[in-house]
Amino acid sequence: MHETSQGSDMLVTGLIGLEGIDPALPANTKASVLRELVGLAGRTGLLYDEAGLLQAIQEREEMCSTALPNGVAIPHPRQPMPYVSAEPFICVARLTRGIGFGSPFRDLTSLFFLICCHDDRRHLRTLARLMRLLDGDMVERLIEAESREEILQILIDKETLVVKSPES
């Protein structure tokens, strides 16, 4: 993972490592997406408790889907889970075709960001920053990206622009 020392401008892309990106997640149902996302998190080497994280994100999804109307979902535990991972992380995964994931607009979801933070402040800031990054054009670019490296670079480039904007 790449790190940042920008403090108040904490970069969410600093929480994403190449090993936590899957451009062709092998899943075709909501349940299999959640299982595969946690498996992807496990492959980062940061996750201590796969079963605990899976249960937490399943419970969160049962309360209300994390699917957004632009083909993106941001599964995450309802409460920060400092004990399930060595450090906070984000995994990014894309399906080869969209699935019904519970979007309020009933559109299909194909791009997923699994968030696992250790405290409420970072969790909320991460969600807010992702919302600023994931506009329609950005989602389209991420869907069209051909590799893990390209996905990460697109996210880094967009976040760099967001941080530099006066609205940050």
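Biologist: How do you know how far the prediction may be trusted?

Modeller: The predictor states its confidence in each residue as pLDDT, from 0 to 100. The protein chain has a mean of 91, and 93% of its residues reach 70 or more. Over residues 1-8, however, the pLDDT is below 50; beyond near neighbours in sequence, this stretch has 20 contacts in the model, a contact being heavy atoms within 4.5 Å. Residues are numbered from 1 along each chain as its sequence is written, and side-chain values use heavy atoms, without hydrogens and water. Local features need pLDDT of at least 70 and side-chain atom pairs count only at 80 or more, while totals for chains, interfaces and linings use all residues.

Biologist: Why is M81 called buried?

Modeller: Buried means under 20% relative accessible area, exposed over 50%, and partly exposed in between (1.4 Å probe, protein chains only). M81 has 5% relative accessibility and therefore counts as buried. This residue lies in the loop between β2 (72-73) and β3 (89-100), and among the residues that it touches are G52, L53 and C116.

Biologist: What makes R106 exposed?

Modeller: Its relative accessible area is 77%, so R106 passes the limit for exposed. R106 belongs to the loop between β3 and β4. Its phi is near 60°, a positive value in a residue other than glycine.

Biologist: How do you know that the length of α3 agrees with its number of residues?

Modeller: The expected span is 1.5 Å times one less than the number of residues. For the 14 residues of α3 (120-133) this should give 20 Å, and the end C-alpha atoms are 20 Å apart, which agrees.

Biologist: What makes the buried residues of α3 line one face?

Modeller: Seen down the helix axis, they fall within an arc of 170°, so they line one face of α3; the arc is that of the directions from the axis to the C-beta atoms. H123 and L127 are among these buried residues, whereas R121 and L124 are exposed on the face turned away. An α-helix has 3.6 residues a turn, so residues three or four places apart point the same way. The cover over the buried residues of α3 includes β3, β4 (108-116), α4 (136-144) and α5 (148-164).

Biologist: Why is D119 said to cap α3?

Modeller: A side-chain oxygen of D119 lies 3.2 Å from the backbone nitrogen of R121, at the N-terminal end of α3. A polar contact is a pair of N or O atoms within 3.5 Å; within protein, one must be able to donate a hydrogen and the other to accept it, and residues adjacent in sequence count only if both atoms are side-chain atoms. The distance of 3.2 Å therefore lies within the limit.

Conventions:
Helix = DSSP H or I, 4+ residues; strand = E, 2+ residues; numbered from the N terminus.
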